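Welcome! Take a moment to look over the sequence and the model below, and then we will walk through a few of its features together.

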Amino acid sequence: MLFRIGVNLGDVVEQDQTLYGDGVNVAARLQALSEPGGVWIAGTVFDQVEGKLPLVFTSMGEQTVKNIPKPVRAYRIAPEPIPTGHVQSLAMPTGPAIAVLPFTNISGDPKEDYFTDGLTEDIITELARFRDLYVLARNTTFQYKGQAVDVTAVGRKLGVRYVLEGSVRRAGSRVRITAQLISVDTGAHVWAERYDQDMTDIFAVQDEITAKVVGAMTGMSGALHRAERRAAESKSPERLEAYDLVLRATAMPAGSKESYWAMRDLLQRAIALDPSYARAQQEYAWLRLRGWALRQDAASEPFQRLLADTIRPAQLDPTDAFAHRTAAWGYFFDHQLDLFEREVELAFQLAPYTADIFAQLGMLVGFTGQWARGAALVEKAHALNAASAAGFYHSTLFYDLYLKGAYRKALEVNRQHPRQQLLETLHKYVMAYAQLGEIETAREYWSKYAAEVPELSVEWIRENVFRRWNFLEADIERFLEGFAKAAPPTPR
């Protein structure tokens, strides 16, 4: 038997040999979120045991759970893929592994955090280009932001051989960056450097840090990597203001319409400053694609115009894996599946260990009807970084299990979705519970959905969910079977 375990630290009330209170309730909710065989702990527990146990913890973010007024900070211990019968067809990396800890902002102004975080993310992205390296994703390492940590202990916890840390001091047009690469095995400094330069040289500094780190880790001279960087240097924005605007935009929390329009404004300003800046074009196209898919952007813009903007970043910088990811999404929604496959493969080749790309493209691969392949890709992403892959991972596995008739397993996967309030999770509950014959429960979720979408009907779901997301027609009919069973009777 596989058990789920939830652990919380909090006050309880004992009555008649039974424990009551939010302390117990939070543990029960975490237990329900856990996968079979898994252990989830509350943030109160994590704060007490971090660095004291030989375990790997993955942050699952803040979870909104039933009957608990505030979101619960949750962590997962020793993540393992949910057993679904899928075969892991992609090998995990075997080369040197590195964790890039968030660089520390020592400028004395918290408003400069976005710049320091953006610099860290760019270094992570550049390192991830090299096929010989395994670079932990941002979601994994940024849990240590603002913390004084034992670097070697953190490295052992994360299962890496090297840790890169540093600091940034920004004053006017000058920036001072310190960086040091540490061997987890010995605790010794493999490489360390300090840069004190004008802000116009920031991209050259990033390139030099990346080249030296790669050279130190792989025993190479670094000359090859500097040569690869030269091609990218020509793509750097001519004005640092454009780079600054992109960092401000990507530092904003996504999800709301307000943040969508604020990010769009910042990225438009960056492009106006430097139209050749591929990163700004890519972030802008990706934002608008998601806005179109999630209906955050109500503008009646023809999709062909959006498609042209979607494929432009990959033309500006063919070495950017995320640009090819964005182009793949554009071709997918335009029903050009041959070009979609081309961009998918290019993205995988350029970033073989990037969880975001495997998760985001794996889901779309499933939508084309290749569910076994899509599930293998999102499981690969989940193994690389569970928190980063979460939403795409759970969606893809749900649909795969549903189409196989494993409705109960599909529900278990849906319950583990990190954001239970999404309309996407509600419509999945309707489908699966109806197919299990639990019509009353299915209609409860239908009512929750209808509270958000008053025009809800089987046809509305067909057009605005499944056809909008470009599912195969045969799969759509299978999904709609559940909705038809759950639809409330038409009043006479």
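## Around histidine 427

Setting aside neighbours within four places in sequence, histidine 427 is in contact with Tyr399, Tyr449, Val465, Phe466 and Phe483. Bear in mind as you read that this is a predicted model. Histidine 427 sits in helix α18, which covers residues 423-435. Is this histidine buried or exposed? Histidine 427 counts as buried because its relative accessibility is 2%, and buried means under 20%.

| Pair | Kind of distance | Value |
|---|---|---|
| Histidine 427 and tyrosine 399 | polar contact between side chains | 3.0 Å |
| Histidine 427 and tryptophan 446 | C-alpha to C-alpha | 7.3 Å |

Along the chain, histidine 427 and tryptophan 446 are 19 residues apart.

## A pair of strands

Now let us turn to another part of the model. Strand β6 spans residues 72-77, and five of its six residues are buried. Strand β4, made of residues 39-42, runs antiparallel to β6 and is joined to it by four bridges. Within this pairing, alanine 42 stands opposite alanine 74 of β6.

## The whole protein

Finally, here is the wider view. The protein has 492 residues, and 52% of them count as buried. It contains 21 helices and 12 strands. Among contacts with a separation of 6 or more, 63% are between residues 24 or more positions apart.

Note on methods
Residues numbered from 1 in each chain as written. Predicted model: local features only at pLDDT ≥ 70, side-chain atom pairs only at ≥ 80, totals over all residues. Heavy atoms only, no water. Buried < 20%, exposed > 50% of the residue type's maximum accessible area, 1.4 Å probe, protein only. Helix = DSSP H or I, 4+ residues; strand = E, 2+ residues; numbered from the N terminus. Pairing = 2+ DSSP bridges. Contact = heavy atoms within 4.5 Å. Polar contact = N/O pair within 3.5 Å; in protein donor to acceptor, adjacent residues only side chain to side chain.
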